[in-house]
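Hi everyone, thanks for coming. Let me put the structure up, and then we can walk through it together.

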Amino acid sequence: MSIDNVNPRLQAVKEIESLLNGNDHEPINNGDAFYKSLLGISIRRLGEIQFHLQKYIKKPLKENQNIIKANLIIGATQILYMRVPQYAAVNASVELAKIHSPHHVKFVNAILRQLTRDFKVENIQNLDPLINIPKKIITRWKKYINNNDLQKIAKQLLVIPPALDIALSGQENIDVWCKNLKGDIIGKNNIRLKDNYGKIDNLFGYDQGAWWIQDIAAQLPSKILLSSVKPNAYVIDMCAAPGGKTAQLLTNGLDVVSIESNLNRAQLLKKNLKRLNLKTELIIQDANKYKPQKLADAVLIDAPCSSTGTVRKNPDILWRLSAKKNGFLNTLIPLQKSLLDSAAMMIKPKGVLIYSVCSLEKEEGEDQIIDFISKHSNFKISPINKSDIDVTHESVTEEGFIRTFPYFSEELGGMDGFFIARLEKTH
Ligand SMILES: C[S@@+](CC[C@H](N)C(=O)[O-])C[C@H]1O[C@@H](n2cnc3c(N)ncnc32)[C@H](O)[C@@H]1O
């Protein structure tokens with residue numbers, strides 16, 4: 001077998017090893033279709049694949065043997081779910097074992113051969129989709145998501161490709177854009193693509209800069225902000241990159257300061273806004289240290305978070321988070337609190353604070369706002385109304401927050417899970 005056949009698999013094995021180790025990084029996208037499909041399926045079906053493999057592994061592998069486990073997972077993905085000739089899948093994994101775990105070549109060969117003997121792509125039975133969500137995450141979510149809804153989230157994990165939303169900068173000619181992009185209209189200025197849409201920069205109108213990619217739920221925080229302030233309002237976007245929410249505020253004529261602490265992400269924001277012919281005042285620094293020259297009409301905190309609401313697009317997140325020994329909210333919770341405290345000082349009386357996270361975790365959403373309100377007597381919850389948003393009206397909670405889940409509008413392809421609160425500074 002040539003090294004060219006092994007390479008995409010080797011890269012996929014390394015990615016799965018990193019995920020099992022709980023490392024934080026976005027999987028590399030090397031543009032190779034086979035690699036993308038292999039890695040995508042192996043992550044989305046990781047629970048099922050491990051379940052099948054476990055039947056053949058007599059002695060559990062140790063944590064420092066995750067590379068061997070990853071090699072088996074990548075081999076099994078091809079055998080169970082892809083139309084790769086089974087001998088080719090086994091041989092490739094054996095070649096990879098020779099490179100990184102020579103003492104386990106026979107072991108890898110034996111396990112995968114048993115799998116090819118017992119399974120064919122045609123006779124794989126569907127298991128409970130919840131198996132593809134790590135147990136630690138299920139235990140957390142079970143406290144406030146019922147079993148039926150958990151099942152629906154798990155089913156969304158298996159949708160490939162996840163729906164892609166295109167936010168148009170204006171509402172003009174939406175029908176023409178829809179036709180050219182081959183999508184469906186959802187919401188006021190959004191087109192949803194569901195079929196294999198390929199590379200983003202090859203999509204119709206990319207170079208024209210009339211749209212950007214932004215999930216329909218991720219559009220809500222800026223829409224709510226826009227419904228809360230006057231035209232030309234002065235607003236601070238405290239956590240701005242890659243810039244989707246800043247772009248919404250700018251295209252609607254607001255005076256925006258965008259803050260981003262991560263230099264690479266700030267550069268990405270600049271590049272994105274340049275394509276869209278938009279300009280913001282970009283401040284590259286920790287937003288907690290920013291001293292505005294005047295108080296803002298509104299501040300948006302789209303806070304750094306666990307991102308568990310984005311599982312449809314980033315299914316790897318759940319496994320990375322659950323592999324962390326000391327939990328995954330320890331550094332995020334204090335960071336979110338400090339951003340909220342800093343924002344409180346940047347807003348003028350009667351001004352508005354929008355707080356959002358693409359997380360399903362209550363600690364990052366409802367709990368943060370309840371804690372903030374208890375400590376800042378000059379802020380109150382300003383309930384969000386159905387009329388403030390153009391989609392997903394069922395997401396408005398009794399308290400006037402927004403809570404979307406990945407299975408909302410599942411017949412249309414779901415959406416990101418978001419928590420959004422609007423607060424008013426009373427004095
Ligand atoms: C959820 S993302 C924001 C997404 C963005 N609002 C959008 O719509 O494209 C959170 C961002 O906050 C940035 N960030 C984290 N800590 C920060 C801080 N202390 N000050 C400013 N930005 C911060 C992260 O680098 C990340 O780019």
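In what order do the four strands of the open sheet come? They run E2-E3-E1-E4, with antiparallel pairing. A word on terms: helices (H or I, at least four residues) and strands (E, at least two) are DSSP runs, numbered from the N terminus, and two strands pair if DSSP finds at least two bridges between them.

Before going on, please keep in mind that this is a predicted model, where local features need pLDDT of at least 70, side-chain atom pairs count only at pLDDT 80 or more, and totals for chains, interfaces and linings use all residues. Residues are numbered from 1 along each chain as its sequence is written.

E4 is joined to E1 (residues 164-168) by three bridges in the antiparallel sense, and Leu168 has Trp211 in E4 as its bridge partner.

Now to a parallel neighbourhood, around strand E8 (residues 296-302). Seven of its seven residues are buried, so E8 is largely enclosed by the rest of the structure. Buried here means 20 or more other C-beta atoms within 10 Å of the residue's own, with C-beta atoms placed from the backbone. Strand E5 (residues 234-237) runs parallel to E8, joined by three bridges, while six bridges join E8 to strand E9 (residues 347-357), again parallel. Look at Ala298: this E8 residue is the bridge partner of Val235, and its own partner in E9 is Val352.

Next, a helix pair. The axes of H3 (residues 46-54) and H4 (residues 66-81) come within 10 Å and cross at roughly 100 degrees; axes are lines fitted to C-alpha atoms over the stretch in contact, and angles run from 0 to 180 degrees between N-to-C directions. That makes H3 roughly perpendicular to H4, a label used for 65 to 115 degrees. Who meets whom? Leu46, Ile49, Gln50, His52 and Leu53 in H3 meet Leu72, Ile73, Ala76, Thr77 and Leu80 in H4, where contact means C-beta atoms, placed from the backbone, within 7 Å.

Finally, let's zoom out. The protein has 15 helices and 12 strands. Its radius of gyration, taken over C-alpha atoms, is 23 Å, close to the 22 Å that the globule rule gives for 427 residues, so the protein is as compact as a globular protein of that length. That rule is 2.2 Å times the number of residues to the power 0.38. Buried residues make up 45% of the 427.

Definitions and conventions: Buried ≥ 20, exposed ≤ 12 C-beta atoms within 10 Å, placed from the backbone. Parallel < 35°, antiparallel > 145°, perpendicular 65-115°, else oblique. Contact = placed C-beta atoms within 7 Å.
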